[in-house]
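Visitor: I have a chain on the screen and a few questions about it. Could you take me through it?

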Amino acid sequence: MFDRKLIMDFCWDGKIPVRTDYIAHKLGFNVRPIEQSYSEKAYIIIKVENDKRVIEYNKSLSTKLIRICLAFAVVEIFENFSDKETK
């Protein structure tokens, strides 16, 4: 389990809308759009690439939905995955 308040104090500038991409980058994640070779139906892909956590998002989604997906991905990684796992 991670300390949500500590992360928010360290990574969030207090502005609305919340820049979940910025928070993910501050936490050491590589955030980028999903490559064209993947299905257009995917919202997010969470994986490990060269020992770095990667979150890929579907750039055709609305900005609001992308923010929600990125927030979900960060929480999932911290709560459920080790450095070597891929989903």
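Predicted model: local features only at pLDDT ≥ 70, side-chain atom pairs only at ≥ 80, totals over all residues.

Visitor: Which pattern does the chain follow along the sequence?

Guide: The secondary structure comes to three helices and three strands. Helices (H or I, at least four residues) and strands (E, at least two) are DSSP runs, numbered from the N terminus. Read along the sequence, the pattern is α-α-β-β-β-α.

Visitor: What percentage of the residues is buried?

Guide: Buried means under 20% relative accessible area, exposed over 50%, and partly exposed in between (1.4 Å probe, protein chains only). The chain has 87 residues, and the buried share is 31%.

Visitor: Which residues does Phe29 contact, leaving aside neighbours within four places in sequence?

Guide: Contact means heavy atoms within 4.5 Å. Phe29 is one of the residues with the most contacts inside the core. Beyond its sequence neighbours, Phe29 is in contact with Ala24, Lys52, Arg53, Ile55, Val74, Ile77 and Phe78.

Visitor: Is Thr20 buried or exposed?

Guide: Thr20 is found in helix 2 (residues 20–26). Not counting residues up to four places away in sequence, Thr20 touches Ile66, Arg67, Leu70 and Ala71. Its relative accessibility is 10%, so Thr20 counts as buried.

Visitor: What distance separates the C-alpha atoms of Glu76 and Ile46?

Guide: Glu76 is found in helix 3. Glu76 counts as buried because its relative accessibility is 17%. Glu76 and Ile46 are 30 residues apart along the chain, and their C-alpha atoms are separated by 9.0 Å.

Visitor: Which residue in the turn between strand 2 and strand 3 has a positive phi?

Guide: Strand 2 (residues 44–49) and strand 3 run antiparallel, joined by six bridges. Two strands pair if DSSP finds at least two bridges between them. Val48 stands opposite Arg53 in strand 3. The two strands form a hairpin with two residues between them, and the turn residue with a positive phi, about 55°, is Asn50.

Visitor: How many salt bridges does the structure hold?

Guide: A salt bridge is a side-chain nitrogen of Lys or Arg within 4 Å of a carboxyl oxygen of Asp or Glu. One of them joins Asp21 and Arg19 (2.8 Å, N to O). Asp21 is partly exposed at 25% relative accessible area, and Arg19 is partly exposed at 44%. The structure's salt bridges number five.

Visitor: Which residues are linked with Arg32 in a network of salt bridges?

Guide: Arg32 and Glu49 meet in a salt bridge (2.9 Å, N to O). This pair links strand 1 (residues 30–33) to strand 2, with the partners 17 residues apart. Arg32 also meets Glu56 in a salt bridge (2.9 Å, N to O). The residues linked with Arg32 in the network are Lys47, Glu49 and Glu56.

Visitor: Why does the pair of Arg32 and Glu56 tie together parts that are apart in sequence?

Guide: Both Arg32 and Glu56 are buried. Arg32 lies in strand 1 and Glu56 in strand 3, so the pair ties together parts separated in sequence by 24 residues.

Note on methods:
Residues numbered from 1 in each chain as written. Heavy atoms only, no water. Core = buried A, V, L, I, M, F, W, Y, C linked by side-chain atoms within 4.5 Å.
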